[in-house]
Amino acid sequence: MTSNYTASESAAMESALTAALAGQRGANPLVGAVILSPAGEQLATGYHRGAGTAHAEADAIHQAGLKGIDTAGTTMVVTLEPCNHEGRTGPCAQAIIAAGIAKVIYAVDDPHDPAAGGARTLRAAGVEVHSGLAAKEALDLNREWFDAVAAKRPFVTLHIAQTLDSRIAAVDGTSQWISSPESLADNHGLRELIDAILVGTGTVLIDNPRLTARTPDGDLSPRQPLRAVMGLRDVPDDAAVRGTDGRFIHLPTRDPAEALSRLFDEGVRHVMVEGGSSILSTFLAADLVDELIVYLAPTLLGSGTPALNDLGITTLAEAQPWSWDEAGGGSVRTLGNDLRLHLRSTRVAASTTKNSAPRSEAAEYVTGGH
């Protein structure tokens with residue numbers, strides 16, 4: 001926090017950062033916003049809940065409206081620069097102007113070109129704009145997203161369903177169902193939010209998965225991810241993953257960076273990697289995973305297929321460190337008999353060396369996907 005801002009403005013930014021954590025990581029950054037009265041009272045709080053939903057700024061304005069609060073002459077404190085982009089939702093800069101908000105304080109600029117320019121639009125409309133409050137905290141909040149934006153690749157979630165002794169299948173290859181029905185439902189909820197789900201050809205040839213997002217009743221969810229298969233072997237014409245809707249792609253490569261580049265070109269901004277030990281280990285060894293979601297079943301096998309293969313680590317000093325992630329519901333949750341573990345990468349984002357960062361829910365972080 002900086003002395004250039006009042007105590008109420010600094011407190012509002014802390015509230016906005018906390019609110020942002022209620023959102024889901026992925027193609028769009030986590031964003032929170034607070035509306036302050038001229039006297040410094042926190043009137044309303046908003047956050048971005050996920051792709052296609054109201055951005056944090058619009059949500060805060062909506063929450064104020066539900067309370068019958070007149071936002072004319074108020075101050076908005078937001079963790080990222082308000083967007084200036086017409087995506088699945090309207091530009092936040094215009095929503096702020098229409099609400100009569102007189103002053104905007106945001107933490108960091110948005111590095112994503114299609115979304116940038118909100119501050120300029122606000123100033124042109126006579127809104128007082130300041131930036132830099134809690135910039136370090138805001139950058140850390142979304143450092144994985146910054147990495148993805150800087151590298152022009154999708155945000156990568158890696159999903160593992162395993163036993164207590166880190167097995168994903170028994171000796172005979174059986175793996176359905178290691179995780180509980182509640183964990184499966186949670187995973188299908190994630191599938192509905194992402195742009196693509198990626199597995200290796202080995203998983204397709206052994207398990208013949210559909211890779212669809214389904215409701216608890218087993219019906220197809222309204223929104224389906226692109227089904228992607230990575231590997232040099234052919235995908236059989238009758239493989240279930242091909243489906244009949246045209247939302248299938250085969251990536252004939254074993255290079256995870258090449259696969260992500262191809263998916264990015266297809267408009268994918270958030271991919272979830274599932275499948276066997278080989279593909280999971282390949283992405284981890286390449287340091288291309290932003291988020292880990294592990295469903296840990298209270299089961300022991302003693303033998304069978306391990307969750308991971310050799311990552312090239314030979315000493316403890318080379319171990320991959322991960323940190324617990326409180327976003328999207330918390331770092332550890334109980335789902336049926338399982339534990340759901342949520343972790344984030346500890347790498348330093350490439351853009352933290354610059355005085356810029358993502359901006360409003362990043363205009364849905366662009367083209368396609370969301």
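## Starting at a helix end

Select D287 first: just after α10, this residue takes a positive phi of about 55 degrees. Helices here are DSSP runs of H or I with at least four residues, strands are E runs of at least two, and both are numbered from the N terminus. This is a predicted model, where local features need pLDDT of at least 70 and side-chain atom pairs count only at pLDDT 80 or more, while totals for chains, interfaces and linings use all residues. Residues are numbered from 1 along each chain as its sequence is written, and side-chain values use heavy atoms, with hydrogens and water left out.

Now step back into α10 itself, residues 277–285. Which of its residues are buried? They are S277, I279, L280, S281, F283 and L284. Buried means under 20% relative accessible area, exposed over 50%, and partly exposed in between, with a 1.4 Å probe and protein chains only.

## The largest pocket

A pocket is an open set of points on a 1 Å grid over the protein atoms alone, with protein on both sides within 12 Å along at least five of seven lines; a cavity is a set where a 1.4 Å probe fits but cannot get out, and lining residues have an atom within 4 Å of a point. The pocket holds about 1100 Å³ of space, a volume being the space filled by probe spheres set on the points, which are joined across faces, edges and corners.

To centre your view, pick T203, D207, E274, G275 and G276, which lie nearest the pocket's centre among its 44 lining residues. Coloured by class, the lining shows 16 nonpolar, 21 polar and seven charged residues. Here Ala, Val, Leu, Ile, Met, Phe, Trp, Tyr, Cys and Pro are nonpolar, Asp, Glu, Lys and Arg are charged, and the others, Gly among them, are polar.

The structure has two cavities of 30 Å³ or more. For the largest, with about 200 Å³ of space, select Q24, R25, G26, L193 and H270, which lie nearest its centre. Then show α7 (181–193), β11 (270–273), β12 (291–296) and β16 (338–345), each giving at least two residues to that lining.

The second largest cavity has about 40 Å³ of space. Its lining is R25, G26, N28, P29, L30, N142, E144, W145 and F155.

## Rings and charges

W145 is buried at 2% relative accessibility, and F146 is buried at 1%.

Next, select R49 and Y47: R49 lies over the face of Y47, 4.1 Å from the ring centre. R269 lies over the face of F264, at 3.7 Å from the ring centre. The rule asks for NZ of Lys or CZ of Arg within 6 Å of the ring centre and within 35 degrees of the ring normal.

## Last stop: a loop

Finish at L21, in the loop between α1 (7–20) and β1 (32–36). At 27% relative accessibility, L21 is partly exposed. Leaving out residues up to four places away in sequence, L21 touches L30, L141, E326, A327 and G328, contact meaning heavy atoms within 4.5 Å.
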